[in-house]
Amino acid sequence: MAKMELPKGFSGQRTFLSAVLNLLSLSLSAASLLSNHWFVGAQKVPKPLCGKGLATKCLDVPVPLDGGGNNTPSQEVVQYSWETGDDRFSHRAFRCGLWLSCEETVEEPGERCRSFIELTPPTQREILWLSLGAQFAYIGLELISLLLLLANLLFPGNPGCGLKLSAFAAISSILAGLLGMVAHMMYSQVFQATANLGPEDWRPHAWNYGWAFYTAWVSFTCCMASAVTTSNTYTKLVLEFKCKHSESFQGNLSCLPLHHQCFLQQPSGAAQPRGPLHGYHQHPDQPIRSVSEGVDFYAELHNERFQQGTSQGLKEELAGSSVEEEQC
């Protein structure tokens with residue numbers, strides 16, 4: 001009989017790799033969610049009026065109050081700025097994220113931050129809320145997938161349970177990747193609409209993608225790589241199980257339609273097992289409904305057969321020793 005064993009070392013390495021990729025994706029996605037560097041650029045704003053302590057270049061011109069000549073005693077000093085063209089504007093840096101938008105102030109050093117939700121046009125706020133909801137769902141599914149992979153690594157004794165954990169982890173990672181991709185695209189659309197239709201004192205003159213934007217897409221890439229690795233591990237284990245399962249019945253092809261019953265049939269000369277197997281020996285007519293159940297069943301059956309083989313070997317050794325003593 002072929003041994004119904006599943007490889008543990010190679011699948012364990014793949015599971016560990018999937019967990020590392022998932023943890024990296026979770027960390028990057030959380031960092032990008034809290035960051036205000038999704039988009040960076042500069043805003044073109046007019047310089048403030050002439051005043052004390054400002055860098056604006058102004059020219060003082062005395063103007064008489066009564067409209068007379070320059071020799072009249074009552075005069076007022078009027079300040080004129082001789083800067084023209086683009087010199088009348090200042091470029092201040094800004095950065096924007098999912099929650100806040102911060103720009104430099106001209107009057108004094110520092111930044112002024114405003115809520116990005118308030119800057120968004122009313123027609124785009126629903127899309128922004130959907131994007132935020134998808135971001136939280138993305139992180140939540142990544143966390144669930146990471147917990148499933150860690151449980152698979154910490155409890156490797158049950159191969160059937162390991163298959164189930166790998167399948168659910170792969171599904172969670174795939175769903176998380178799809179939600180993350182949709183969330184990133186929706187937020188990019190909302191920002192572009194806000195840059196064109198937002199408040200005039202906020203609209204950026206030039207903008208580019210920040211490090212948080214690239215971090216979010218690297219997180220998506222790691223998430224999908226983890227999903228592919230986990231799915232590959234699950235598929236490999238299932239195919240190896242089916243291959244070894246079919247090899248164990250090559251000697252009796254007529255029993256293949258009812259392989260779960262034929263596999264339980266004991267040879268006429270074989271010793272009966274000392275105790276029943278759990279589950280399937282109690283219900284021999286119940287078919288195997290899933291691969292994970294089959295893995296659990298064949299692992300248990302292999303252990304039972306191994307115990308039977310050990311006991312038979314001991315009996316043969318005892319019989320051989322007794323024969324030798326009689327000959328002596």
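Author: We can start with a patch: L143, L147, L150, L154 and F155 form a nonpolar patch on the surface, with about 530 Å² of accessible area together. The model is predicted, so local features need pLDDT of at least 70 and side-chain atom pairs count only at pLDDT 80 or more, while totals for chains, interfaces and linings use all residues. Residues are numbered from 1 along each chain as its sequence is written, and side-chain values use heavy atoms, with hydrogens and water left out.

Reader: What makes L143, L147, L150, L154 and F155 a nonpolar patch?

Author: Patch members need over 30% relative accessible area and no salt bridge; nonpolar side chains (Val, Leu, Ile, Met, Phe, Trp, Tyr) are joined within 5 Å, and like charges within 9 Å. The areas come from the Shrake-Rupley method with a 1.4 Å probe, and for residues only the protein chains shown count as cover. L143, L147, L150, L154 and F155 form such a patch.

Reader: Is F155 called buried or exposed, and why?

Author: Buried means under 20% relative accessible area, exposed over 50%, and partly exposed in between (1.4 Å probe, protein chains only). F155 has 59% relative accessibility, so F155 counts as exposed. F155 is found in the loop between α3 (125–154) and α4 (159–197). Helices (H or I, at least four residues) and strands (E, at least two) are DSSP runs, numbered from the N terminus.

Reader: How many helices and strands does the protein have, and in what pattern?

Author: The protein has 7 helices and 7 strands. Along the sequence the pattern reads α-β-β-β-β-β-β-α-α-α-β-α-α-α.

Reader: What share of contacts joins residues at least 24 apart in sequence?

Author: Among contacts between residues at least 6 apart in sequence, 72% join residues at least 24 apart.

Reader: How do you know that R95 and E111 meet in a salt bridge?

Author: A salt bridge is a side-chain nitrogen of Lys or Arg within 4 Å of a carboxyl oxygen of Asp or Glu. For R95 and E111 the N to O distance is 2.8 Å, and the two side chains meet in a salt bridge. R95 lies in strand β4 (residues 89–96) and E111 in strand β6 (residues 111–115), so the pair ties together parts that are 16 residues apart in sequence. The rule gives a count of 4 salt bridges.

Reader: What are the values for R112 with E103, and for R114 with D201?

Author: R112 and E103 form a salt bridge at 3.2 Å, N to O. R112 has a relative accessible area of 35% and is therefore partly exposed, whereas E103 is at 0% and counts as buried. R114 forms a salt bridge with D201, the closest N and O atoms being 3.3 Å apart. R114 lies in strand β6 and D201 in the loop between α4 and β7 (206–209), so the pair ties together parts that are 87 residues apart in sequence. R114, at 18%, is buried; D201, at 40%, is partly exposed. Salt bridges that share partners join E103, R112, R114 and D201 into one network.

Reader: How many aromatic pairs are there, and what makes W38 and F213 edge-to-face?

Author: The whole structure holds 20 aromatic pairs. Rings of Phe, Tyr and Trp (its six-membered ring) pair if their centres lie within 6.5 Å; planes under 30 degrees apart count as stacked, over 60 as edge-to-face and the rest as tilted. W38 and F213 have 6.2 Å centre to centre and 80 degrees between the planes, and the pair is edge-to-face. W38 is in the loop between α1 (9–34) and β1 (39–46), F213 in helix α5 (residues 211–247), 175 residues apart. W38 is buried at 0%, and F213 is buried at 11%.

Reader: Why is the pair of F116 and Y187 called edge-to-face?

Author: The ring centres of F116 and Y187 are 5.7 Å apart and the planes are at 65 degrees, so the pair is edge-to-face. F116 belongs to helix α2 (residues 116–119) and Y187 to helix α4, 71 residues apart. F116 and Y187 are buried.

Notes. Contact = heavy atoms within 4.5 Å.
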